[in-house]
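Subject: Structure handover

Hello,

Here is the structure I promised to pass on. Please open it alongside this note.

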Amino acid sequence: MEAVDLGQLLSSKQDRRIRVIENLLRGKKTVSTLYWGQRYHLLPLLNLSKHLARGGLDTAIQDLQQRDWVTVDAEQKTLRLTAKGEVGLAQHAYYRPVTVDQWVNWDLNAARQRLLLAVQVTSQFAHSTARYYPLATDQETRRAVRQWFHGAKGPALASDLATALTASLRQLPNETASIMTDQFTGFDQPGLTLEQLALATDQAIWQIRLREFDGVAQIARDAWQTTHPLHNLLAPLWRLPVSTSSQATLAAVTAGGDLQRVADRRKIKLSTVREHLLEAAIMLPVTDFPYELVLPPAMREAFRTAVHGDLDSWQYVALPQAMQAEYDFFYFRLYAIWRMKQEVPA
Amino acid sequence: MESLTASLQRVFGFSQFRSGQEAALTSLEAGKDTLAILPTGAGKTLIYQLYGYRHPGCVLIVSPLLSLMNDQVDRLRMNGFKRAAAINSLTPFGERLSILNHLDQLQFLFLSPEMLSQPQMLNQLQRINLSLLVIDEAHCIVQWGPDFRPEYLLLGAIRDKLQRPLTLMLTATAGKQTRHEIAKQLRSTPAVVTESVNRPNIFLDVENVADEATKQSRLQDLVKRLPRPGVVYFSSKQQASDTALWLQQTAGVTAAAYHAGLDAEDRFKIQQQFMTDKLDIICATSAFGMGIDKDNVRFVIHYHLPADLESYAQEIGRAGRDGAPSVAILLYAPGDEQLPLALGQSNRPEAETIQRYYAHPQSFAADEPQIHLLAFYRDHGISQAAVERLFAGRERERNHALSQMVDYVQSPTCLREKWLQAFDEAAPAHDEACCAPSNQPLDLAAIHLLQQAVTPAPIQKVPWQERLARLF
Ligand SMILES: [Zn+2]
C-alpha cells in the first residue's frame with residue numbers, strides 16, 4: 001500500500017490509529033479493532049490484505065510524513081490528515097468501489113480464486129482444450145470448482161457464463177470491468193498480473209485490487225440468483241460477518257437469556273459472552289441486535305445524560321463514579337455502538 | 001510385461017523415445033540405481049512417469065523447488081495420472097493431512113527435502129510400497145547442499161531408512177566431481193546415462209564492459225537487436241524486477257520479471273505469457289527455467305556472473321531447443337566475481353562462529369539462517385570438527401568452481417572448449433558459428449541472429465465486452 005492509498009483511509013477530522021488499520025487489513029478481529037474500524041468507516045477493509053506484515057504500512061506513513069500530508073501523535077500511534085494532505089489527495093482521482101457495503105459478507109479472496117479458476121475451466125472447455133495447465137490455487141478452491149463444474153458443464157455453460165459476467169461487469173465503471181476481464185486466464189489468454197495491470201493503467205496496485213474486489217463482489221452478489229451459472233460455486237461463500245460462536249451467543253441472548261446464564265450454559269466466560277455481543281453489535285445492522293433486551297431504554301437514558309460531545313472523545317473513566325459502579329465498560333461501549341448506528345444508517 | 005515402447009505409445013502416444021530416456025528406463029528396469037544426466041528439455045520426467053505406470057507402488061520424487069512441484073503435479077494430471085500429490089512447506093495443513101491419510105493410494109508423491117527429513121513423514125513412508133525414489137535436480141546435493149539445503153545431505157541416510165529403494169537421480173548437468181559427490185551422498189553406485197552437454201546451435205559470447213552503466217546500455221542495445229523471445233538472468237530479484245520494467249519502458253519490448261518472490265498466480269501468468277509468445281523478454285533469477293518447455297528461445301543473456309559452469313550450462317540450455325541458431329551472452333564487468341563470492345560467503349558461518357556455537361548453542365538465536373544451519377548439523381550429531389571440515393571443503397570447491405567460471409570469461413580462445421572441458425568432453429573444432437571470446441566482437445549478422453525488421457502491429461484496444469466474449 002502506497003502513501004496515496006493509505007491517505008484515502010485517513011481523515012482530517014479524526015485521529016486514526018495505525019494499528020487499527022493494520023489489524024483490519026490483516027484480518028485480526030479483536031473487538032477494539034472492529035469498534036474503531038466502525039468509527040473510521042473502514043470495516044470493509046477487513047481481511048483484504050492477510051499477508052501484510054506487521055509494520056507493513058510504515059513506508060507509506062513515512063512518505064506521507066515527508067510530504068507533510070499527515071501529522072503523527074507523540075506516541076506514534078495515530079495519524080491525522082493535514083490541510084495540505086487533503087489538497088494533495090484531492091488531486092488524485094481515486095477509485096471508489098461501488099459494492100463496498102457488501103464486502104464484509106464475502107471472503108473476497110476465496111471468491112476471487114474460485115471465480116478465476118471457474119472462468120479458466122469454462123473457457124478451455126468451450127474451446128475443447130483437453131490439456132492445459134490449471135491456475136495454481138489451493139486444494140479447497142480446486143475441490144469446489146471441480147464439484148461445481150461437474151454439475152454445471154454442458155453446451156450452454158460458456159455462453160451462460162459470458163452473459164452473466166457481462167451483466168455484472170456492466171454495472172461497474174468501465175475501467176473496472178476492463179481490469180476484471182484482463183486478469184482472467186483462459187483460452188489463448190494467460191491473463192495479466194496485478195503489477196502489469198497497474199502499469200498498463202497507470203494506477204497503484206492497491207487501486208487495482210480495490211477494482212478487483214469490486215468486480216468479485218458484484219459477480220458474487222449477482223450469483224445469489226439461483227439461476228446464475230456460478231450460484232452453486234459462489235453462494236456458499238456468503239456469510240454473516242460474525243463468527244459462528246458469536247452467532248450462537250447472540251441467538252441465546254436474543255431468546256431471552258440473562259448474560260451470566262448464557263455464559264454458564266455455553267460454558268464460556270461472561271467476558272467472552274460480552275465480546276461476542278459487541279462483535280455482533282458492531283458488525284450487524286441495528287435491527288439484528290436485541291438492544292431492547294441488553295441495553296434497555298432506562299440504561300440508554302442514563303448514558304444519554306452522562307455523556308456529551310463527539311463519540312470519539314467519550315471516556316468510561318470520565319463517567320460519574322456512581323455510573324461506573326452500576327454499569328460495566330461493556331454497557332458503555334454497547335451504548336456507543338448503538339448511538340453510532342443511529343447516526344449512520346447501516 | 002509389455003515392451004517399453006508399447007508403454008510409451010499407450011501412455012503418451014509417442015512411438016519413439018528421445019535419446020537418453022530409453023537407456024535410463026532400461027537400466028531401471030534391470031533394477032539398477034541410475035544417474036541420468038540429460039539436457040533440459042530431454043524429457044526427464046517421462047522416465048519416472050513411465051516407470052510409475054509400469055510398476056505397482058508409489059514413485060516418490062524429492063524436488064528442491066517448491067514453486068515447481070505443483071506444476072509437476074499438474075503436468076502428471078494432464079497426462080492422465082490423477083493419483084499425484086505434492087507436499088512442501090507451503091502446503092496448507094488440511095491439505096497435507098488429507099494427502100497423508102491417502103498416502104497408500106498415491107502413484108506419485110512429490111516432497112521437498114525438508115518434508116522428507118521429518119521423522120513422522122519417514123514413518124509414514126516406511127509403511128507404503130515405494131517403487132522408485134527420484135532425486136530431481138540431483139546436482140543440488142552439491143550446489144546447494146551445505147549452504148542452503150542441509151537436508152540434501154541426509155538423503156543417503158534417509159534412503160537407507162527406506163530400505164534403499166531403487167533410485168533415479170536426475171540432473172541436466174554434472175561434471176565428474178559432481179557425479180562422484182551425488183553417488184557418495186546417496187550411498188549408491190549408480191549406472192550413469194549421459195548425453196553430450198554440448199549444444200552446437202547455441203553461439204557462445206562473452207563481452208567485457210567497463211562498468212555497470214555500460215553493461216546496462218549494452219543490455220538494452222542487445223535486447224533491441226536480437227531476435228526474440230529471450231531470457232536475461234540476474235542474481236538479484238530486485239534487479240530482475242527493476243530491469244524488466246526499465247526494458248519495457250525503454251527498449252520497445254514486453255518484459256516481465258520471474259523470481260521466487262512472486263506468488264503462484266503471478267508465476268503462472270508470467271510463465272503462460274512467455275509460453276504463448278505474449279512476452280518478449282523474461283528477466284529471471286535462477287528460479288526460472290527448471291520445468292519450462294519453450295522451444296524458440298533465441299537468446300540467454302547473463303547480467304551477473306553465475307557461480308559455476310554447471311549453473312551456467314543449465315541456464316543457457318533454455319535457448320535454442322528447436323535447434324535453430326541461438327546465442328548465449330555473458331556480460332562481464334571487472335569485479336563481477338565479487339558478487340557470487342559474497343553470496344557464497346554470506347551463507348557460510350565463520351570458523352569462529354562455529355566454535356562459539358558448539359561451545360554455547362543455547363546462547364544463539366535459531367532464526368538466523370547460519371545458526372539454523374549449524375543447529376541442523378549439531379542436532380544430527382555432526383561434530384564441530386566435521387562441520388569445520390565440511391565448510392572448508394565446500395569453500396574450496398566453490399572457489400574452484402568460480403575460478404573455472406572466471407577462466408571461461410577471460411579465455412582468449414574457444415569458449416566451447418573451455419566449457420566442455422569442465423564436463424570432460426572434447427569440443428568440436430572451433431569455427432565461425434562457435435563462439436566469440438571476450439577479445440572478439442560479436443557479429444550478430446554473421447551468425448544470423450539479427451532481428452528481422454518487423455512492423456509492429458497497431459495496438460487496437462478492444463472493448464472488454466469483446467475480450468470477455470473471446471474467452472468463451
Ligand atoms: Zn569456439
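Below is what I found, part by part.

First, a caution. This is a predicted model.

Chain A and its domains

Chain A splits into three parts: domain 1 (3-94), domain 2 (101-237) and domain 3 (244-343). I looked at how domain 1 of chain A sits against domain 2 of chain A. Their centres, taken over C-alpha atoms, are 30 Å apart. The contact involves 11 residues of domain 1 of chain A and 11 residues of domain 2 of chain A. About 870 Å² is buried between these two domains of chain A. Carbon and sulfur atoms give 63% of that area. On the domain 1 side, the residues that lose the most area are D5(A), L48(A) and Y94(A). Together they account for 55% of what that side buries.

A cavity between those domains

The structure has 3 cavities of 30 Å³ or more. The second largest cavity holds about 50 Å³ of space. Which residues line the second largest cavity? They are L46(A), N47(A), L48(A), W106(A), D107(A), L108(A), N109(A) and R239(A). By class, that lining has 4 nonpolar, 2 polar and 2 charged residues. Domain 1 (3-94) and domain 2 (101-237) of chain A each supply at least three residues to it.

Three strands of chain A make an open sheet, in the order β1-β3-β2. The pairing is antiparallel. β1 (16-17) and β2 (70-72) of chain A are the edge strands, and each has a single partner strand, so one side of each has no neighbour in the sheet. β1(A) is joined to β3 (residues 78-81) of chain A by 2 bridges. In that pairing, R17(A) faces T78(A) of β3(A).

Chain B and its domains

Chain B has domain 1 (4-194) and domain 2 (199-227 + 298-452). Note that domain 2 of chain B is given as two segments. The centres of the two domains, over C-alpha atoms, lie 26 Å apart. The contact draws 19 residues from domain 1 of chain B and 21 residues from domain 2 of chain B. About 1800 Å² is buried between them, and carbon and sulfur atoms give 50% of it.

Where the chains meet

How many residues does each chain bring to the contact? Chain B brings 31 residues and chain A brings 44 residues. Between them the chains bury about 3200 Å², with 59% of it on carbon and sulfur atoms. On the chain B side, W464(B), L471(B) and F472(B) supply 25% of the buried area, more than any other three residues.

A pocket lined by both chains

The second largest pocket has about 1100 Å³ of space. Its lining has 35 residues, and those nearest the centre are P134(A), R142(A), R146(A), R77(B) and K82(B). Elements giving two or more residues are α6 (108-126) and α7 (139-152) of chain A, with α4 (66-78), β3 (84-87) and α5 (93-101) of chain B. α7(A) gives the most, with 7 residues. The pocket lining divides into 16 nonpolar, 9 polar and 10 charged residues.

Best wishes

Notes: Residues numbered from 1 in each chain as written. Chains lettered and ligands numbered in written order. Predicted model: local features only at pLDDT ≥ 70, side-chain atom pairs only at ≥ 80, totals over all residues. Heavy atoms only, no water. Pairing = 2+ DSSP bridges. Helix = DSSP H or I, 4+ residues; strand = E, 2+ residues; numbered from the N terminus. 1 Å grid on protein atoms, 1.4 Å probe; cavity = no way out; pocket = protein on both sides within 12 Å on 5 of 7 lines; lining within 4 Å. Points joined across faces, edges and corners; volume = space filled by probe spheres on them. Nonpolar A, V, L, I, M, F, W, Y, C, P; charged D, E, K, R; others polar. Domains from an automatic or database assignment. Contact = heavy atoms within 4.5 Å. Buried area = accessible area lost by both parts, 1.4 Å probe.
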